[in-house]
Amino acid sequence: MTSEEITQHLISKGVKPTANRIIVLRALREANRPMSLKALEMKLLSMDKSSIFRVLSLFLEHEVVHSFEDGRGLLNYELCEHHGPCKHDENHVHFYCESCQRSFCLEDVHVPDVQLPEGFEAHAMSFVVKGVCAECKGK
Ligand SMILES: [Zn+2]
Ligand SMILES: [Zn+2]
Ligand SMILES: [Zn+2]
């Protein structure tokens, strides 16, 4: 993704593209999988932690990223795949590898339909499977 594409993507989400925002978006794009705040901090050593956190909070608000709790109870951030407004059809299962401590989006595995009792309304759902990823299993 070029800087121009990143800039356009941020604008499509209603976010003003600043240097820090472009850096964080690029880091998530390059990782190509969900990252925790800690993992982003490790990757973006030149940026101070509160700036990273501020960018992520803004990204969440504008649905540039979505968050979910990984198997450790830590928030992970993943990019919303939609250009422009989020269409909210991203209910896929996440996988947390206990060996390499990475999170994965299992895009093709959908969260099962959950029947809620009368009167309950769901706004978000997260489904995390813990185990060992293919790469670690192959070692
Ligand atoms: Zn989305
Ligand atoms: Zn692994
Ligand atoms: Zn995901």
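Let's start with a sheet: three strands form an open one in the order E1-E3-E2, with antiparallel pairing. Here, strands (at least two residues) and helices (H or I, at least four residues) are DSSP runs, numbered from the N terminus, and two strands pair if DSSP finds at least two bridges between them. Strand E1 (35-36) and strand E2 (65-69) stand at the edges with a single partner strand each, so one side of each has no neighbour in the sheet. In general, strands of a sheet pair through backbone hydrogen bonds, either parallel or antiparallel.

Before going on, a word on where this comes from. This is a predicted model, in which local features need pLDDT of at least 70 and side-chain atom pairs count only at pLDDT 80 or more, while totals for chains, interfaces and linings use all residues. Residues are numbered from 1 along each chain as its sequence is written, chains are lettered from A and ligands numbered from 1 in the order in which they are written, and side-chain values use heavy atoms, with hydrogens and water left out.

**Helices on the sheet**

Back to E2 and E3: five bridges join this antiparallel pair, and Phe68 stands opposite Asn76 in E3. Helix H2 (residues 19-31) packs on the sheet and touches E1, E2 and E3, its direction making about 90° with that of E3. Contact means heavy atoms within 4.5 Å. Helix H4 (residues 49-61) lies across E2 and E3 and runs at about 105° to E2. For these angles, axes are lines fitted to C-alpha atoms (for helices over the stretch in contact), and the values run from 0 to 180 degrees between N-to-C directions.

**The nonpolar core**

Which residues have the most contacts inside the largest nonpolar core? They are Leu10, Val24, Leu25, Leu28, Leu40, Leu44 and Phe59, in a core of 20 residues. Helix H1 (3-12), H2, H4 and E3 are the elements that give two or more residues to this core, and H2 supplies the largest share, five residues. A nonpolar core is a set of buried Ala, Val, Leu, Ile, Met, Phe, Trp, Tyr and Cys residues joined through side-chain atoms within 4.5 Å. Buried means under 20% relative accessible area, exposed over 50%, and partly exposed in between (1.4 Å probe, protein chains only).

Take Phe59: not counting residues up to four places away in sequence, Phe59 touches Leu10, Val15, Arg21, Val24, Leu25, Val64 and Val65. Over in helix H1 you'll find His9. His9 counts as buried because its relative accessibility is 4%. Leaving aside neighbours within four places in sequence, His9 is in contact with Met1, Leu25, Cys80, His82 and His83.

**A second sheet**

There is also an open sheet of three strands in the order E5-E4-E6, with mixed pairing. Its edge strands, E5 and strand E6 (128-131), each pair on one side only. From one strand to the next, the twist averages 30°. E4 and E5 pair in the antiparallel sense over five bridges; His94 stands opposite Cys105 in E5, and Tyr96 stands opposite Ser103 in E5. In the E4 and E5 hairpin, with five residues between the strands, Gln101 takes a positive phi near 60°. Arg102 sits in the loop between E4 and strand E5 (103-110), and its contacts, not counting residues up to four places away in sequence, are Arg33, Phe95, Tyr96, Cys97, Cys133 and Glu135.

**The zinc sites**

Now for the metals. Donors are N, O and S atoms within 2.8 Å of the metal (3.2 Å for Na, K and Ca); water is not among the atoms, so sites may look incomplete.

| Zinc ion | Donors | Distance | Spacing along the chain |
|---|---|---|---|
| Ligand 2 | Cys97 (SG), Cys100 (SG), Cys133 (SG), Cys136 (SG) | 2.2 to 2.3 Å | C-x2-C-x32-C-x2-C |
| Ligand 3 | Glu78 (OE), Glu78 (OE), His92 (NE2), His94 (NE2), Cys105 (SG) | 2.0 to 2.3 Å | E-x13-H-x1-H-x10-C |

What is the geometry at the zinc ion (ligand 2)? The site is tetrahedral, with angles of 101 to 119° among its four donor atoms. Four donors count as tetrahedral if all angles lie between 85 and 135 degrees; four count as square planar and six as octahedral if opposite donors are over 155 degrees apart and all others between 65 and 115; anything else is irregular. Cys97 is buried, at a relative accessible area of 0%, whereas Cys100 is partly exposed, at 26%.
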